[in-house]
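I opened this model to look at how its chains meet and how they are built. My entries follow in the order of the look-ups.

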Amino acid sequence: MNRVGRWQIYVPLGLYLLFTLVPFYWMVVFAFRPRGSNSLLPWPITFEHFDHVWNGMGFSIFFQNSLLVGVVSLISTTVIALAGGYALARYDFRGRQAFLVGMLCTQFIPGAMMLIPLFEIFRTLGLVNSLWALVIAETVFQLPLSLILISGFVKNVPVELEQAAWVDGCSRLRGFFVVVLPLLRPALVAVGSFAFIHSWNNFLFALMFVNEQDKFTLPVGLAFTIGEFSADFGALAAGGVVAAVPVVLVFAVIQRYLVQGLSAGAVKG
Amino acid sequence: MRVARSPRTPYVLIAPAVVAMLGFLVYPMGSVIYYSLQHYDVTQPWDNGFAGLENFRVLLFEDPLFWQSLGFSVKWVVVEVVLQLLFGLALALIVNESFIGRAISRALVFSPWAVSGVLTTGIWILLYNPSTGIFRYLADIGIGTYDTAPLADPSTVFAAAVVAELWRGVPFFAILLLADLQTVSGELYEAASVDGASRIRRFFHITLPHLKDAIILSTLLRAVWEFNNVDLLYTLTGGGPAHQTTTLPLYVAAKAVQSHDFGYGSALTTAAFVVLTFFSIAYLRLSKFGARS
């Protein structure tokens with residue numbers, strides 16, 4: 001396969017990198033440069049905006065709330081999808097086909113449009129203004145895709161590997177943990193990080209189901225910063241950096257697995 | 001190949017997923033349809049009760065905002081999905097080549113995928129604002145004018161929102177298509193090279209047919225996602241100016257969050273669900289998804 005010229009790669013890639021990175025850079029500059037400065041470098045560096053949003057505007061609490069919802073959603077989504085995905089891949093049971101079709105249909109349910117009925121349910125359950133409402137909603141919306149991904153991956157693990165473990169005296173459960181689970185790592189990384197990033201980023205559920213300020217998550221806090229202090233760009237940028245750092249870090253770690261995971265599992269189903 | 005031992009095991013394993021989805025997806029969807037046939041307004045409880053198809057009659061014949069927001073939704077979805085696909089495909093092809101700095105380039109160009117709609121709004125407000133945004137600095141070096149304010153000008157607000165959404169939307173296609181590109185067998189390309197096929201011919205005769213199903217599926221998922229997504233427009237334009245950028249879900253959110261008219265909001269939701277389902281079925285049929293070429 002003959003190579004393309006270097007410039008055919010680097011010129012468009014460079015232009016696209018500029019489009020991707022300038023907006024990030026703009027936020028970082030605004031977050032670190034002093035109030036009233038017009039410099040395009042974050043210099044002299046200042047943390048006044050971070051101090052203001054973290055301590056003055058409650059972003060330390062929003063951060064904790066987001067982290068809690070993100071981690072719990074990650075765990076519940078992964079565990080439920082792992083159990084269900086294994087069942088879908090390894091057992092032929094009555095209702096399996098109906099479940100698969102039903103799961104595909106849920107992909108067309110508009111999340112934004114479940115606001116009204118979900119609000120009613122959470123009100124009945126006494127979960128309005130509770131972070132549990134967010135965990136439940138996030139988990140449920142992540143489940144279909146996670147189940148599909150994990151069952152695709154389990155199917156790719158040869159069943160003979162498991163059978164060999166049973167012959168050696170492993171129980172089905174032990175065989176699963178020893179043989180299957182290690183091979184599912186890319187899928188678990190993909191599913192877990194999807195769940196975390198989605199719940200970290202979700203705005204509308206948090207806006208609708210939570211209205212006490214000490215229960216706000218970062219996107220809601222950020223949205224109020226956009227609305228109320230539209231002149232305070234330093235605070236907006238610093239709040240943005242606080243919201244961006246955890247997901248960008250998670251993403252930097254997992255993005256390699258993501259491409260592997262998707263090319264091995266989902267695409268071939 | 002499946003192995004069944006205890007007939008109960010699979011049901012036990014899948015029960016949590018089924019219960020969660022029945023309780024918080026299927027039941028709410030059913031109740032949306034039920035509410036859509038009711039007068040149910042929290043602020044006017046004395047009028048609550050069975051409404052029949054009244055909500056749908058109002059929606060179809062007396063509510064210009066329904067048609068306007070549906071029309072804008074279609075425009076938004078088509079423009080976003082087409083542009084995201086084109087840029088995403090180009091990007092996937094580029095970072096699929098081998099060159100120095102590939103790993104870091106991939107990580108960087110994919111990174112906006114992890115950014116939320118609200119944060120995207122925050123970042124682009126910083127870029128777009130006329131006093132300290134990028135257009136001011138461009139004007140300093142003689143490009144454009146000082147009073148460029150894309151979000152305040154009705155003639156540019158659509159383009160401004162499209163660009164911001166592209167920024168975080170392109171990586172989705174780039175990641176999915178790159179994953180699929182990596183499953184193309186190298187032998188096919190070699191055989192084609194031996195036969196003297198040009199690069200462009202190889203793209204159209206090998207790469208594109210291989211990507212077909214991934215493109216169909218990713219454009220469909222993205223179309224549904226862009227249709228439903230409200231975060232960016234809600235915070236960036238608020239659906240304005242003068243409802244110009246109000247999508248159907250944004251209109252529903254406004255009905256539900258601000259005016260608490262749950263009955264009519266549910267009718268709008270049902271209509272949107274019907275539109276989406278018909279669109280999805282038609283799209284999969286017309287594109288012959290899964291058919292081997």
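Entry 1, the contact between chains. I counted two residues as in contact if their C-beta atoms, placed from the backbone, lie within 7 Å. The model is predicted, and the totals for chains and interfaces use all residues.

Entry 2, the build of chain B. I listed 12 helices and 2 strands in chain B. Read from the N terminus, the order of the elements is α-β-β-α-α-α-α-α-α-α-α-α-α-α. I next looked up the radius of gyration of chain B, which is 24 Å; the globule rule gives 19 Å for 293 residues, so chain B is more spread out than a compact globule. The C-alpha trace of chain B spans about 75 × 75 × 35 Å along its principal axes. Of the 293 residues in chain B, 42% are buried. I also took the contacts in chain B between residues at least 6 apart in sequence, and 67% of these join residues at least 24 apart.

I checked the length of helix α6 (residues 131-156) of chain A against expectation. At 1.5 Å a residue, its 26 residues should span 38 Å, and the end C-alpha atoms are 37 Å apart, which agrees. Where does α6(A) kink? I located a kink of about 45 degrees at Leu143(A), shortly before the proline Pro144(A). I noted as well that 22 of the 26 residues of α6(A) are buried, so this helix is largely enclosed by the rest of the structure.

I placed Val28(A) in helix α1 (residues 6-32) of chain A. Is Val28(A) buried, exposed or partly exposed? The cut-offs that decide this are 20 or more other C-beta atoms within 10 Å for buried and 12 or fewer for exposed. Val28(A) has 16 other C-beta atoms within 10 Å, so I recorded Val28(A) as partly exposed. Setting aside neighbours within four places in sequence, I found Val28(A) in contact with Pro42(A) and Val241(A). Trp43(A) lies 15 residues from Val28(A) along the chain, and the C-alpha atoms of these two residues are separated by 11 Å.

Technical notes
Residues are numbered from 1 along each chain as its sequence is written. Chains are lettered from A and ligands numbered from 1 in the order in which they are written. This is a predicted model: local features need pLDDT of at least 70, side-chain atom pairs count only at pLDDT 80 or more; totals for chains, interfaces and linings use all residues. Helices (H or I, at least four residues) and strands (E, at least two) are DSSP runs, numbered from the N terminus. The radius of gyration is taken over C-alpha atoms; the globule rule is 2.2 Å times the number of residues to the power 0.38. The expected span of a helix is 1.5 Å times one less than its number of residues. The bend at a residue is the angle between axes fitted to the seven residues ending there and the seven starting there.
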